[in-house]
Amino acid sequence: MKKILILNGSPRKNGKTASLINAFSQGAERTGNEVSSLYLNSMNIKGCLACEKCSKNGGECVQKDDMETVKEAFEWADVVVFASPQFWGTITGQLKVVIDRLYSEMHRLGFENFVKETALIMTARGDNYQFALDFYAIFVNLLGWKDHGTVLGAGKEDEAREIGANIK
Ligand SMILES: Cc1cc2nc3c(=O)[nH]c(=O)nc-3n(C[C@H](O)[C@H](O)[C@H](O)COP(=O)(O)O)c2cc1C
C-alpha cells in the first residue's frame with residue numbers, strides 16, 4: 001500500500017485532466033493505495049522569490065501561504081503524481097509555481113531524502129508532449145524518482161486506471 005499525492009494543475013475542475021485523475025485514483029484505490037489530491041487552482045501559492053534563504057536556514061521558506069499544506073502532503077506521500085493540461089507545451093502555471101516552491105523542501109529534507117515515486121498525467125489538444133516529457137525527466141533522470149508511467153492524452157482513462165492499479 002502506497003500513499004499517493006496527486007498535484008492537480010488543471011484549472012478546470014471537471015475537465016479532461018480531472019477525468020484521468022479520477023480513473024487513476026480509482027485504479028490506485030482498488031489495489032489498496034491511499035490517494036489524496038490537491039486542486040492547486042484554488043490555493044493561494046505565490047511564486048518562488050529566489051531569495052535562497054531556504055538554502056541557508058535548513059529549508060524554511062520566508063513565504064507563508066498554502067504551500068504549507070502542499071509540503072505536509074508531500075512529506076506524507078510515497079508517490080507524487082504530476083497532473084496537468086498542457087499549456088504552451090508544458091505544465092500549467094498553477095503546477096509550476098508549486099514545483100518551484102518545493103525547492104525549500106529539497107533544502108529541508110536534503111537532496112537524498114527528496115526522492116519520491118512518480119507518474120505524469122497530461123492532456124492536450126494536440127499530441128506533442130516533448131516539453132512535458134523533458135520536464136518529467138528532471139525528476140526521473142536527474143533526481144532519481146521512480147517512474148510509474150505517463151498517461152499522455154485525453155480519453156486514456158483505461159491507461160490511467162491501470163497505472164494507478166499497478167502501484168503497490
Ligand atoms: C492557455 C492554454 C494553452 C494551451 N496550450 C496548449 C499547447 O501548447 N498544446 C496543446 O496541445 N494544447 C494546448 N492547450 C489545450 C489544452 O491542453 C487541452 O484543452 C487540455 O486537454 C485541457 O485540459 P482540462 O480539460 O483539464 O482543462 C492549451 C489550452 C490553454 C487554455
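Predicted model: local features only at pLDDT ≥ 70, side-chain atom pairs only at ≥ 80, totals over all residues.
Trainee: Is Trp 88 buried or exposed?

Mentor: Trp 88 is placed in the loop between strand S3 and helix H3. Its phi is positive, about 50°, although Trp 88 is not a glycine. Within 10 Å it has 8 other C-beta atoms. The limit for an exposed residue is 12 or fewer, and therefore Trp 88 is exposed.

Trainee: How does Glu 52 count, as buried or exposed?

Mentor: Glu 52 lies in the loop between S2 and H2. This residue, too, is not a glycine and has a positive phi, near 65°. Inside 10 Å there are 12 C-beta neighbours. Because the limit includes 12 itself, Glu 52 counts as exposed.

Trainee: How many Å apart in space are Lys 64 and Lys 96, C-alpha to C-alpha?

Mentor: Lys 64 is in the loop between S2 and helix H2 (67-76). It counts as exposed, because it has 9 C-beta neighbours inside 10 Å. In sequence, Lys 64 and Lys 96 are 32 residues apart, and in space their C-alpha atoms are separated by 18 Å.

Trainee: Which residue in S3 is the bridge partner of Ile 4?

Mentor: Ile 4 has a bridge partner in S2, namely Val 35. On S3, Asn 8 is bridged to Ala 83. The partner of Ile 4 in S3 is Val 79.

Trainee: How many residues of S3 are buried?

Mentor: Val 79, Val 81, Ala 83 and Pro 85 point one way from the strand, and all are buried. Val 80, Phe 82 and Ser 84 point the other way, and these are buried as well. S3 is thus mostly covered, and of its seven residues the number buried is seven.

Trainee: Which helix forms a right-handed β-α-β unit with S3 and S4?

Mentor: S3 and S4 run parallel and are joined by seven bridges. One of the bridged pairs is Ser 84 with Met 122 of S4. A right-handed β-α-β unit is made by S1, helix H1 (residues 16-30) and S2. In the unit that contains S3 and S4, the helix is H3 (residues 93-109).

Trainee: How far apart are the end C-alpha atoms of H1?

Mentor: The buried residues of H1 are Thr 17, Leu 20, Ile 21, Ala 23, Phe 24, Ser 25, Gly 27 and Ala 28. Their cover includes S1, S2, S3, S4, S5 and helix H5 (157-165). Just after H1, Gly 32 takes a positive phi of about 95°. The 15 residues should span 21 Å at 1.5 Å a residue, which agrees with the distance between the end C-alpha atoms, 21 Å.

Trainee: How many residues has the largest nonpolar core?

Mentor: In soluble globular proteins, nonpolar side chains tend to be buried together. Among the residues with the most contacts inside this core are Ile 4, Phe 24, Val 81 and Ile 121. Leaving aside its neighbours within four places in sequence, Ile 121 is in contact with residues including Phe 24, Val 81 and Val 151. The number of residues in the largest nonpolar core is 38.

Notes:
Residues numbered from 1 in each chain as written. Pairing = 2+ DSSP bridges. Helix = DSSP H or I, 4+ residues; strand = E, 2+ residues; numbered from the N terminus. Right-handed = clockwise from strand over helix to strand, strands pointing away. Core = buried A, V, L, I, M, F, W, Y, C linked by C-beta atoms within 7 Å. Buried ≥ 20, exposed ≤ 12 C-beta atoms within 10 Å, placed from the backbone. Contact = placed C-beta atoms within 7 Å. Expected span 1.5 Å × (residues − 1).
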